[in-house]
Amino acid sequence: MSKSDKTPGKLFLIPTTLGGTAPLEVLPISIKQAIEAIDYYIVENEKTARRFIKNIAPRKSQPSLHIEQLNKFTEPDTIPAFLDPCLKGNHVGVLSEAGSPAVADPGAEVVRIAHEKNIQVVPLVGPSSLILALMASGLNGQNFCFHGYLPIDTTERKKSLKTLERDSREKKQTQLFIETPYRNDKLFQDLVKVLSPSTLLCIAADITLPGEYIRTKSIEEWRHESPDLHKRPAIFLLLA
């Protein structure tokens, strides 16, 4: 995809799979078409981005790709230059490591800069673990809030959980949060210790993958069950 020098290119937000699923089982053909046409990318990890591109578009020339990395090591003052290809008439794609860009994933900063530069932002259809978990939870999908990662410190995490439960009760609001997969089991232990027996908790792990696990139970019911969540990408949702 390219435009004349007088017309800026667009910034495409390109979802990826949430795991090892074959891309076209969970992604529309428009993702493949976009990948085949775009040569400039902003990604979290170049190695995995190239692997995804090769998987979904095997005939795509890898040497033709121009890739910038956007992650916690990226210097903020270098980000605006990532959009220079757009200003020269080329489209740029933002690729997530898993799921949809800029949602619980790097990308929001470059999207904001695109708006400042009057570059059109085009979100493409694809999986979002947060939305899929909410859909499948049976909890309030009209009023919800995503909090990202909770504190690592045990005492602070327990305080945070009580605050989320209180906010959920007062606002009738579903609370969503995540944890680093290798700490999932510890978070689950805190959840069943800290929350009220009647509070509903949904655990959605390995969404769209063969081992997909989505269950909603009261905390009282969870106290009699211990799912194995170790190293499994998971979304936690509660409604008091």
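**Strand pairing and nonpolar cores**

User: Which residue stands opposite E68 in β3?

Analyst: In this predicted model, I42 stands opposite E68 in β3. Residues are numbered from 1 along each chain as its sequence is written, and side-chain values use heavy atoms, without hydrogens or water. Local features need pLDDT of at least 70 and side-chain atom pairs count only at pLDDT 80 or more, whereas totals for chains, interfaces and linings use all residues.

User: What makes β2 and β3 a pair?

Analyst: Two strands pair if DSSP finds at least two bridges between them. Strands β2 (residues 40–43) and β3 (residues 66–69) have four, in the parallel sense, so they pair. Strands (E, at least two residues) and helices (H or I, at least four) are DSSP runs, numbered from the N terminus.

User: How do you know that β2 also pairs with β4?

Analyst: Four bridges join β2 to the parallel strand β4 (residues 92–95), and at least two are needed, so this is a pair as well. Y41 stands opposite G93 in β4.

User: Why is the unit of β2, α3 and β3 called right-handed?

Analyst: Because, with the strands pointing away from the viewer, the path from β2 over helix α3 (residues 46–56) to β3 runs clockwise.

User: What makes a set of residues a nonpolar core?

Analyst: The members are buried Ala, Val, Leu, Ile, Met, Phe, Trp, Tyr and Cys residues joined through side-chain atoms within 4.5 Å. Buried means under 20% relative accessible area (exposed is over 50%, partly exposed in between; 1.4 Å probe, protein chains only). The largest such core has 20 residues, of which L161, F177, L191, I203 and F236 touch the most other members. Helix α8 (184–194) gives the most to this core, with five residues.
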